[in-house]
Amino acid sequence: MAPKLEVEGLTTRFFTEEGQINAVEDVSFSVEEGEVFGIVGESGSGKSVTALSLIDLVERPGEIVDGAVWFRSPDLAARIEDDTPEAVDGDYVDLQSLSEGERRALRGTEFSTIFQDPMSSFNPSLTVGEQIAEAVEVQRRARANPRSVRSRTQGYGLAKFIGDSLLPTRDFVDDASHDRAVELLEMVGIPDPVERAAEYPHQFSGGMLQRAMIAQALAGEPSVLVADEPTTALDVTIQAQVLDLLAELQEDTGMTTVLITHNLGVIARMADRVGVMYAGEVVERGTLEDVFDEPAHPYTQGLLGSSPDLDGAADRLDPIPGNVPSLVDREMDDRCYFADRCPKAMGECLEKPPEFAVDGEHTAMCYLADHDYEEADALEEGYFDE
Amino acid sequence: MISERVKRSLSREFKGSRLAQLGVVLVLLLFLVATFAPFLALHDPTTTRIGTGGTEDLSELPPLGFSYTEQRVTPSGSETVEITARQTFPLGTNALGQDIYSRLLYGARVSLLVGLLGALLATAIGVPYGLVAGYFGDRIDDTLMRGADVMLAFPSLVLAIALVGVFRDSDVHTTTVPDPFVHAARSDIVPNVLIPRAAHVAEMPASFTFPVTVTLVVALVNWVWFARVARGEAMSVRAEEFIKAARSAGASDWRILRQHVLPNSLTPIIVLATIQVAAIILLESALSFLGFSGTDLTWGADISDGRSDQRSYWWIATMPGLAIVLAVIGVNLLGDWLRDALDPSIEGEGGV
Amino acid sequence: MGLAKFLIKRLLQGVVVTWGVVTVVFFLRYLTPGDPTATLLPPDAGPEVRQRLRENLGLDQPLYVQYYDYITDLVVLDFGESMSSGREVAGLVASRLPATIELAVAATFVAVVLAIPLGVISARRRREPVDYGATLFSLIGISTPNFWLGVMLIIFVGVHVDVIPTTGRQMGLRTALFALSNGSASELGQWAAQLVLPAITLGTYFTALITRLTRSGMLEELGQSYVTACRAKGLPETLTLYKHVLRNTLIPIVTVLGLQLGTLIGGAVITETVFAWPGLGRFLITSINNRDWTSIQGTIIVIGVGFVLINIVVDSLYAYLDPRVTAE
């Protein structure tokens, strides 16, 4: 089967006053149609920036500086082939090479997102129903006029805003979309959806609001769902319910899903294939079984070792000794970034390892995936301490 | 009292911001000019030159680079005279022939003194009030802050005008402050060689008029802002662990307020005080523009002089206004710098 | 339901504050040094005349009786008689109110219409020339005393542009509208022209302030995650910007505006003086110069109560914009 998404050498950097930060460095992976691809890593490993890069929502001072995200969409490829041939390769379209308008048109329709913190991801001063209805409306307008990117945005400016504020009857969102929003709320298991739709985010509990966000993400019937830590902000019992809901909806709709989390339990439960991120790089990837049963990278081994009960949904990672490395460019050497925390660091680890194939599609960025550990080459203890 | 972190933050903001640098320069300039006015002034700012007693009429001279013509009546009919600027009156003269440049220097004294003393006094009233309200909370807080709400219900300028109206008939409306430099130059206490341009300084006014009522009034109408900020700070500090610890160790409320709550509330109070100096300078200029300050050697009063119908003498009102704008911009920029470096969340009523 | 309860609470607080205002104003007079009858009588008036006047004015009564009388009179809008003209203060104040309201509304209108778009543009084009221009304008705007700006406008603009009058108020809006209903539009033009300079004078500080607030508020809101969420769901950028971000930015702006309205009213006092605009502010200054205490008290009470009312309106607007306010 052909992959739905092919990420090639994706590199995202932040240019801040403290210096250049290499948040995502040369990341590649592919996601098959209809599967759940999990990205796992500690805080600060660049996994959330990877998610934002996929949906092209990296904001200044961040910038995607290199790489391609190939998205399989024969219709879109055929439509834009003449205008932007460089963005098209067969059935695939490179999201990075698309025009700004085309990229925006994909959001909400082809790509949807669930964010980590539902409380801050909803506008506090609009009703939840209104915000979901907006997502429905975006989709409805796109369907009604698939050729024109502009038709969806046309005519909404300051003047219209003032008009809308003064005369509440004129609105971007029409009644049918409001009704659909209520249906969606019902679908994600929110009781009394009509009443709840008229409530504001602060009147929802965290779990209910996350359900509402899932409803919002599904409004556009997307083909790709990017879920960034969808359960992290929730209580343990609620986490399980939300995961069940996600799994069920994913099965029903067959959406291709990229699931980003630091929680190995969530990955074990949901993902078909996995990428492990460390210091902005995917250090190991493969099927769930490959990576979890036979981890090749010492970092993955450390993660799994620190997580005794993989079936529990709520495991927090016990920290591996040491800290996640700084991603500030000038503080990074060109070595295996895990070497300073690695129990099996060797002399050659001072040079950056390439990606080695472990077994079929299972790869790891570690010399140990290529040859065995040699105690004679081991770096002496405290080598990286200043 | 100033931690390393604060110093670093201040210097980073300072280096990164041209506006902060401009602010510091303007404020330093304001201080210098106000302090050393007798040295920098070219003339006694109060000397009039309207051509009486055989002296030359030097009224309404234009600033350097400008000139105008005027019809003058002479014994032989009327003639057109061209009035040109003079080197010794760089910014021109007013209707009384007083040197505008020298008046600006002396006006800076009143503005700066009222601004600083007014803000200090407002701090002295508002901060204890707010700290007590915020620290004790509940009923005390409710009562005290309702009182503050009543103060806020008066627009500050309206209240200030009313209060000045009340107090201006009192004996302390203004006071004269002797000028130490001029006294030194005139007496033998300090050898005159130690004073630069001593002969020149000796001819300057021996004292200047300080508007007491106005200073009291600007403090009375602005202290509420300090009370609000101090209250907010006290409320947040009150919940901190170290306060609880101090209380359980048996420290009295007053001791806790003085030793713990106040020092932790200082940063936003300092920022607010800076911004308030700008607001008070504006308020003072408005009051003296309206003729309520009791002295005419201020920027506001000079603008009032210059707005008479003789519109061709534009500089008389323009120059003191520019001085106010520069001074207030300087203090505002200084305030912005402190706020950006120390505390980003402060409100407060602005100017006039 | 929540909103109604909120408004009732606000109104009750307004009543308490109004009572405070009245009380302060009442006692303000007794702080005045000197005999209040001094300004009413010629200096050579005898002590008996003076005493009779005191009795007439009720000044011989104990303070609490005077206070009670004062409050009960105020409830029926009796502000007493002007000490300088002998006319009813209520009528004097009422006749000057429209001029002040026209001026304040015009200035607020100018400020809001100019400042919000300017702030939005400035925030969107951060660190671009437009942004620097707007920042510079707002810095100068909040640092300029408005009376000086008024004088400058008269000297440099009013004199050269004949259609814009620089002093006085030839007609009120009612007169202009009446003329319009009789088919004459030129009065409305004149009415607007006379407002131009005073409105700019009074409105500049506010324009600058709101521009500043809008800019910083927009920048802060743009950093919130819900903005990313709006973009992620494909919402048009303009909709994100105005319906979501600007709406939320308005919440703190409305709060600060409520607090700053005092500055607007104070500014009106001085603007009226500069332009000889026959409003409340000029009346207040005249009354102070005449030491006309009943007029001073009446004017300040009307201004204070107006301020309280405006703040209630602002609070309602706030509650409308931010649903969290009325939530318990």
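A residue is taken as buried when its relative accessible area is under 20%, as exposed when this is over 50%, and as partly exposed in between (1.4 Å probe, protein chains only). The structure is a predicted model, in which local features need pLDDT of at least 70 and side-chain atom pairs count only at pLDDT 80 or more, while totals for chains, interfaces and linings use all residues. Residues are numbered from 1 along each chain as its sequence is written, chains are lettered from A in the order in which they are written, and side-chain values use heavy atoms, with hydrogens and water left out.

Of the 17 residues in α5(A), 13 are buried, so that the helix is mostly covered.

Between chain C and chain B, the contact (heavy atoms within 4.5 Å) takes 49 residues from chain C and 48 residues from chain B. The buried area, that is, the accessible area (1.4 Å probe) that two parts lose on being put together, summed over both, is about 4,300 Å² for this pair of chains, and carbon and sulfur atoms give 75% of it. On the side of chain C, the residues that lose the most area to chain B are C:Phe147, C:Trp148 and C:Leu259, which together account for 14% of what that side buries.

One salt bridge (a side-chain nitrogen of Lys or Arg within 4 Å of a carboxyl oxygen of Asp or Glu) is found across this interface, and the side chains of C:Arg212 and B:Asp336 meet in a salt bridge at 2.5 Å, N to O.

Conventions:
Helices (H or I, at least four residues) and strands (E, at least two) are DSSP runs, numbered from the N terminus.
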